[in-house]
Amino acid sequence: MLQYLIIQLDNTSTSFCHYSNTKNRPLLITLDNLKNGILFAMKENLMVQYVLPDYELPAEYIEAMESIDNTKIASYQSVYANNADIVVLNGWNKEYLFDKDDVYVLRVDKKELFGKCSEIKEKIKMCRRLNIVITDVETFTDVDFELYRSVLKEFSIALEDSFAADFVAQLNVLTDRMMLDKMNNCNAGCDSITLAPDGRFYVCPAFYYENEYNIGSLVDGLDIKNPQLYRLEYAPICRHCDAYQCKRCIWLNRKTTFEVNTPSHEQCVVSHLERNASRELMMSVRERVEFLSDKEEIKDISYLDPFDLRDEWL
Amino acid sequence: MEKIKENSSGWSNGMARNITFIVTKDCQLACKYCYLVGKNSNERMTWEVAKQAIDYILSHEDDFKEESVIWDFIGGEPFLEIDLIDKICDYVKIEMYRRNHHWFNSYRFSFSTNGINYHTESVQNFIKKNIEHLSIGITIDGTKRKHDLNRIWKTADMKKGGGSPEEERGSYDDVARNIPLWLEQFPNAGTKVTISSADIPYIKESVLHLYSLGIHEVNINCVFENVWQEKDDVKFEEQLLELADAIIDGEFYKDYTCSFFNENLGKPLDRKLQNQNWCGAGKMLSIDAAGNFYPCTRFAQYSLRDKRAWMIGNIYDGIDKNKLRPFLVLDRCIQSTLECIECEVAEGCAWCQGENYDSADTSTIYQRSTAICKMHKARVRANNYYWNKLFRKLEFKGIAKKESVDYAKLSNSNNLIC
């Protein structure tokens, strides 16, 4: 069931996920489209998430935006960074200043993640929550998987100390799985859709930037073809999976396997490395203090890609 | 003891890896129902591409673990490229031996041909050289009027994109003359017949005609594309009922088969226990003239009306296994509508993954085309009639298999029990 409308206010609004923003020239959504998008959200009972540009918006835009309850996403460089609910860090910079009450999305490629791991881990405890998004996960090799396993181990050590000190820092790739009892994925096309600056609806911003298909417009209405394919029960691998924290990125699925409901090997393995690292972290903390006592232990499993179990399902 | 001839299950019982070379996209014919919408005379495979494809496949034994292999050659018309094919097959044999590959001694070369060049010296030499490892199917659609309705020669204007009905020339005579030679060399060979809307009135006479030519196995199916007209299902059922009468009254069932009639047809399917995908796309590998790999020929661009080709790699970079994942986890229910899942006569209702993809509302293989629905239901009714009549006849003669008779009775008494 749709719950969120993401409004990409400008072509240059920051990416907050795996995709790259491929449009360099500003193109601001028209005021009419913004207002009609808000009206659509009100009528459909949707929570609005604005993705803001770095530059200052006209006053009438701000006025319209505030006519509905909303969440704001902006880059660290944006003039709106201080007012944003989620601040996006595009690449790593050790000079970043973190606010203890804020939520950050760190978009990094694997080279930067592996190379700056020690610097990044020091910042985990300095914010309310850090979401790491690896922007080239589809290029991971077996060597990268091992490096990522090491990175997760380093992060775990930092987190374990904070948990023992009674401060529950949140790092999406390690702490989400501990808290979850069922899949909590991106769910683009199912829980959320995106209104782009061109006045059309897309499954997510990536589908706009990558010149993929739209799913309707403010003029013609929403028209999601094959809507079932965005739902978990129609995802042949994911519906069997317990890497509940996995992004299950619909756009990466489309890019790597041609199907929105089928993840790549790389996405599955990365998510399972995170899942397994969460398991070990949870067990380690529990040896030291009482921790998440209402949550079940994460099971020990023998595979990293659930695709390998397909013969058991069919 | 009287017997009922059963449909053959194919070489290696369908468990072999199928590797298809699209050696040319050209054909002498322009069959009206042909799904290959992008045929042309330009895209012919070179020896260099073929060799590199073979080298790739044979050097990646871990990715091709099936016990056996069928090296399949398709077009267009494959025998237009018999010299290349001969070179490919020689190289395959030598390399499988040299590499001590597990497919050596467990391979077939397979062809679907229009039969026009079958008698030529180069094709015959190839057949004689490889006959122990060959399967060749010649497509003949039935009687002359049925065959010539669709299987017409390509005209000079067609080559330029034009053509008119006045110019149409059927290919029956050019194919039929090669049937005796073909059956002499492959006595158990079967033919493949395709039915589209215009062919329906000729089904019965065509199957009987093929029997009269000495073809004992007629594999026949309705096209999966959405070509069907109002009342086609009624006409189709009438034809099949007449065909059923003719086969049973003429006792052709002893030595001939027609794939329209099958005991395992028209029952509901269990959501869990009978949830397998029908189609083998993704478990095959198809290679075109440019050296691109596809999960099946139907995903190459020349087969697709509305969608982009589904490439899974090429001979230079290898197979992108991520592009195969959707095929290998695809099951029946996930791609089917609720109506299909709950269908009372679902068993035997076929689909083509490529046609599903081509006709889907989005770029997906997870949306099953239902264009064939009414035709399948008509087939099921005629099939029920066929087996009821046949078993009753055999029962009276006291020679039916007891379990078959009981099964037929039981399966047809569901309504009474409920």
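Hi everyone, let's start with strand β6(A), which gives the most to the lining of the second largest pocket, with five residues. Helices (H or I, at least four residues) and strands (E, at least two) are DSSP runs, numbered from the N terminus.

A word on the source: this is a predicted model, where local features need pLDDT of at least 70 and side-chain atom pairs count only at pLDDT 80 or more, while totals for chains, interfaces and linings use all residues. Residues are numbered from 1 along each chain as its sequence is written, chains are lettered from A and ligands numbered from 1 in the order in which they are written, and side-chain values use heavy atoms, with hydrogens and water left out.

Back to our pocket. On a 1 Å grid over the protein atoms alone, a pocket is an open set of points where a 1.4 Å probe fits, with protein on both sides within 12 Å along at least five of seven lines; lining residues have an atom within 4 Å of a point. The volume of the second largest pocket is about 1,200 Å³, counted as the space filled by probe spheres set on the points.

Now chain A's helices. Helix α5 (residues 142-164) and α9(A) pack at an angle of about 30°, with their axes 9 Å apart. Axes are lines fitted to C-alpha atoms, for helices over the stretch in contact (heavy atoms within 4.5 Å), and angles run from 0 to 180 degrees between N-to-C directions. The two helices are therefore roughly parallel, a label for angles under 35 degrees.

Chain B has a pair too: the axes of α1 (residues 47-59) and α2 (residues 82-98) come within 10 Å and cross at roughly 25°. So α1(B) and α2(B) are also roughly parallel to each other. Among the residues that meet are B:W47 and B:I54 in α1(B), and B:L84 and B:Y91 in α2(B). By class, this contact has nine nonpolar, no polar and four charged residues.

Finally, two backbone details. A cis peptide bond joins B:G75 and B:G76, with omega about 10°, and B:G76 is found in the loop between β2 (69-74) and α2 of chain B. A:R248 has a positive phi of about 50° although it is not a glycine.

Definitions and conventions:
Angles under 35 degrees count as roughly parallel, over 145 as roughly antiparallel, 65 to 115 as roughly perpendicular and the rest as oblique. Ala, Val, Leu, Ile, Met, Phe, Trp, Tyr, Cys and Pro count as nonpolar, Asp, Glu, Lys and Arg as charged, and the others, Gly among them, as polar.
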